[in-house]
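Here is a short briefing on one protein chain. Keep the structure open while you read, and find each residue as it comes up.

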Amino acid sequence: MAMDKENQGCAAREDNGLLLKKAGDNNASPEDLLNLSLSDDEQIRAAVAMNEATPKQILAALAFDKSAWVQDCLGKRAERDSALLSVHPTAIIHKDAKLGVNVTIGAYTIIHKNVNIGDNTFIGSHCEIGHPAHNAADSSILVIGKNSHIRSHSVFYEGSTFGENLVTGHRVTVREKTRAGINLQIGTLSDIQGHCEIGDFVRFHSNVHIGQHSKIHNYVWIFPYVVLTNDPHPPSDIMMGVTVEDYVAIATMSIILPGVTVKKGALVGAHSSVSKDVEENAVVAGSPAKYICETSKIKLKDGSENSAYPWRRHFHRGYLPETVLQWVSEFAKEESSHSH
């Protein structure tokens, strides 16, 4: 009889050992962790409290556990998580939202269900991230790339994707189905109406309006109060988005009319109304906009008499070193060929 009790004790210890191992397993299922959190063994419940895979609702239930050990583990877990995630107590975050490490969420910000926020991202106060799309068909995950910085009072709808290093000003609105590359900058009070394609290293200054179905390529500069339109005879259901190709600069208070393509390296002068395609490396200005000259004819106002365009010949701030080297090499070869 004594031997039977000893064997039973060994079996019980072995079972508890297996359960303890499972309670600390990051690959354990939520169902298993829920069952283990109800164990009579406080060591197992403590392991569940420390497990990174344990869902928030289970941790919330363990907050009422009477075990001092479990409470101590929950405190350590909170300290560990706070080093990885800084969320203001007034922020509202859906339990299914996915937040990377070192993410900061400001006061009164709402993070909806269909949201995936990359590591090292800062989101300021009074933002709404993952606002439901107007049409159910456009409902999908909103992805904010790592190392992004979204300033206060900004609204991002679900169903869009942004590469790493997104930066916004205050009170920005971005509607659903926008696809953007890396290092996008969106100025204060700017508005992207959705269903847009945006490349890498695009810069929008403040109060820019980007109409639906706009296609903006790489290394584009769009200055304050520019409007890209899309309706050829408003109001209608016809959408003709604007296309802006690589290295284009559109100066302040210009309007680009529906279906227009501004080709690579072109410059649109301030206060222009552009109703026709702009050719590559051309300067247009006026209302209606007319051809002025080639961009190479515009001189830098620094007394050097060097050409201001292509701007990537002399302006490199904020761009990747390897990209700048490519540009420098490109123009060095060009100058070499001209000298011969």
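The points below go from the whole chain down to single residues.

This is a predicted model. The chain has 340 residues, with 6 helices and 31 strands. Its radius of gyration is 28 Å, well over the 20 Å from the globule rule, so the chain is more spread out than a compact globule.

**Overall shape and surface**

- Along its principal axes, the chain's C-alpha atoms fill a box of roughly 105 × 55 × 30 Å.
- Buried residues account for 40% of the chain.
- The chain exposes about 18,000 Å². Carbon and sulfur atoms supply 54% of that area.
- Take the contacts between residues at least 6 apart in sequence: 25% of them join residues at least 24 apart.
- There are 32 positive side chains and 39 negative ones. The centres of these two sets lie 5 Å apart.

**Nonpolar cores**

- The largest nonpolar core has 46 residues. F204, I222 and L228 have the most contacts inside it.
- Four strands each supply at least two residues of this core: β4 (103-105), β6 (115-117), β9 (142-144) and β30.

**V70, in a helix**

- V70 sits in helix α5, which runs over residues 68-84.
- Is V70 buried or exposed? Its relative accessible area is 0%, so V70 is buried. The cut-off for buried is under 20%.
- Leaving out residues up to four places away in sequence, V70 touches E42, R45, A46, L62 and D65.
- V70 and I44 are 26 residues apart in sequence. Their C-alpha atoms are 9.1 Å apart in space.

**L99, in a strand**

- L99 is part of strand β3, residues 98-99.
- The relative accessibility of L99 is 24%, so L99 counts as partly exposed.
- L99 and K76 are 23 residues apart along the chain. From C-alpha to C-alpha, 20 Å separates them.

**The loop between β29 and β30**

- V278 lies in this loop, with β29 at 273-274 and β30 at 282-285.
- V278 has 2% relative accessibility, so V278 counts as buried.
- What does V278 touch, not counting residues up to four places away in sequence? The list is T261, V262, K263, A266 and V284.
- S86 is 192 residues from V278 in sequence. In space, their C-alpha atoms are 47 Å apart.
- N281 is found in this loop too. N281 has a positive phi of about 60°, although it is not a glycine.
- N281 has 27% relative accessibility, so N281 counts as partly exposed.

**Another positive phi**

- N207 lies in the loop between β19 (203-204) and β20 (209-210).
- The phi of N207 is near 60°, a positive value in a residue other than glycine.
- How accessible is N207, and what does it count as? The relative accessible area is 25%, so N207 is partly exposed.

**Cis peptide bonds**

- The peptide bond from P234 to P235 is cis, and its omega is near -5°. P235 lies in the loop between β23 (227-228) and β24 (243-244).
- The bond from S287 to P288 is cis as well, with omega near 0°.
- Where is P288? Its place is in the loop between β30 and β31 (290-294).

Definitions and conventions. Residues numbered from 1 in each chain as written. Predicted model: local features only at pLDDT ≥ 70, side-chain atom pairs only at ≥ 80, totals over all residues. Heavy atoms only, no water. Buried < 20%, exposed > 50% of the residue type's maximum accessible area, 1.4 Å probe, protein only. Contact = heavy atoms within 4.5 Å. Core = buried A, V, L, I, M, F, W, Y, C linked by side-chain atoms within 4.5 Å. Rg over C-alpha atoms; globule rule 2.2 N^0.38 Å. Areas by Shrake-Rupley, 256 points an atom, 1.4 Å probe, with all protein chains shown as cover. Lys, Arg positive; Asp, Glu negative; His and termini not counted. Charge placed at Lys NZ, Arg CZ, Asp CG, Glu CD.
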